[in-house]
Amino acid sequence: MTTLTDPPKEQFRLSMLLYDTRYRSATIQVIAMICFMLLAAWLISNTAQNLAALGKPIDFGFFSEPASYDINQRLLDYSSRDTHLRAAFIGLLNTLVVAVLGCITATILGVIIGVLRLSNNWIVARLMTIYVEGFRNVPVLLWIVFIMAILIETLPAPRAFRGDNATASMMLGDSVAVTNRGVYIPEALFSNSLGNIHLFGESSLRFDISLDLMLILIVLGGGLWGANFLRKRADRIQEQTGDRPVTWWQRLAVVVIPTGLVLVLLGFHFGYPELKGFNFQGGTHLRNSLIALWLALSLYTAAFIAEIVRAGILAISKGQTEAASALGLRSNKIMSLVILPQALRVIIPPLISNYLNLTKNSSLAIAVGYMDITGTLGGITMNQTGRELETILLLMLVYLTISLSISAVMNWYNESVKLKER
């Protein structure tokens, strides 16, 4: 039953989709989405028809063909008889190696340089300013080529290490050789190895997982969990009693002793590089192309991260520093315990963009002969097979996936360090 005071019910009309502000925005978005999907469908259909007319229909069968080219720096076994799919997989791993190493190194350098730029020491602050302005105002490609040239022209050749009158010598107890062909470092070997697990059989994506490495990581992870448990337990005791028990030696023992026992049982030892013939044999070979790309991307990105860190620190009120000083904290403790934790909420969002830029800039690796995913899938494979559309689309999908993964991880971390309001 309705009364005289009840307003009349409004009936829905199609015209309300355009003239009613409650529905207009949704209507425009739906129409725009439909138009975009129709345009994308037309482009895909038109491209497929044109390629079919040219005798080049979209086909990914070329992945099963032999690659017939070598990859100098690789993590897994590979030969020129392997398929283009495995070559692309090796290139993807090379891209991930550079991205991970570069992000870690750039972050460490960027934080240190950003803090030093705010130093009260005039010389230190000016030197850091020169570094920042010098690196970020020169294209990263030039830095890659420049560092590669330095490594090739200034470091000694392997023959300089030969003979009694050698002009060059190995470092760190004859375990590391730095040459113009790369750096040779010891490799980890196990005399009582547990063997490997072969994944994907003999397919193009085959690779082996070392049971020794898995066991070490499991034991190390358990030790880190135990150390974290001891730290939280000490925090609870401190909150209840006001006294914090000394647990650093227990936490260190939980991590070091079990891991050390596993290494001893597995017969862990190093395999050292030795000069045989015209080059070094044994050990792990880090080629100049990898080192030059890694250093250039790290130093270049660190200049931007330093400015981000400096801006984040300046965004924190000086009252925080003064209050911490009044409590008797030293400058290093104030920075690590008071300032940086609060500055993270300002630092992390732009930091994500620099991680993405570093990852995408790694595609310049072909300039120094480092075979990443761009050099394999988007380079030699594309030229040999003539499948430009397929390789470029897959290359775009790979970089999109990597970028979205980095963004997801960093956004999760950003949420975990945000200030929680009550």
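This is a predicted model: local features need pLDDT of at least 70, side-chain atom pairs count only at pLDDT 80 or more; totals for chains, interfaces and linings use all residues.
Let's start with the rings. How many aromatic pairs does a search of the whole structure find? The search gives 11. One of them joins Trp225 and Phe229, and this pair is stacked, with 5.9 Å from centre to centre and 15° between the planes. It counts as stacked because the planes are under 30 degrees apart.

Where do these two residues sit? Both belong to helix α6, which covers residues 211-241, and being four residues apart there, they are separated by about one helical turn. Are they buried or exposed? Trp225 is exposed, with a relative accessible area of 63%, while Phe229 is partly exposed, at 41%.

Elsewhere in the chain, ring pairs also build a cluster, and its members are Tyr131, Phe135, Trp143 and Phe146.

Now for the helices. Please find helix α9, residues 318-326, and helix α10, residues 331-361. How do they pack? Their axes are 10 Å apart, and the angle is about 155°. That angle is over 145, so α9 counts as roughly antiparallel to α10. Their crossing is right-handed.

Which residues make the contact? From α9 we have Gln320, Thr321, Ala324 and Ser325, and α10 brings in Ile334, Val338, Ile339 and Gln342. Sorted by class, this contact of α9 with α10 holds four nonpolar and four polar residues, and no charged ones.

Note on methods
Residues are numbered from 1 along each chain as its sequence is written. Side-chain values use heavy atoms; hydrogens and water are left out. Rings of Phe, Tyr and Trp (its six-membered ring) pair if their centres lie within 6.5 Å; planes under 30 degrees apart count as stacked, over 60 as edge-to-face and the rest as tilted. Helices (H or I, at least four residues) and strands (E, at least two) are DSSP runs, numbered from the N terminus. Buried means under 20% relative accessible area, exposed over 50%, partly exposed in between (1.4 Å probe, protein chains only). Axes are lines fitted to C-alpha atoms, for helices over the stretch in contact, and angles run from 0 to 180 degrees between N-to-C directions. Angles under 35 degrees count as roughly parallel, over 145 as roughly antiparallel, 65 to 115 as roughly perpendicular and the rest as oblique. A crossing is left-handed if the near helix is turned anticlockwise from the far one by less than a right angle, and right-handed if clockwise. Contact means heavy atoms within 4.5 Å. Ala, Val, Leu, Ile, Met, Phe, Trp, Tyr, Cys and Pro count as nonpolar, Asp, Glu, Lys and Arg as charged, and the others, Gly among them, as polar.
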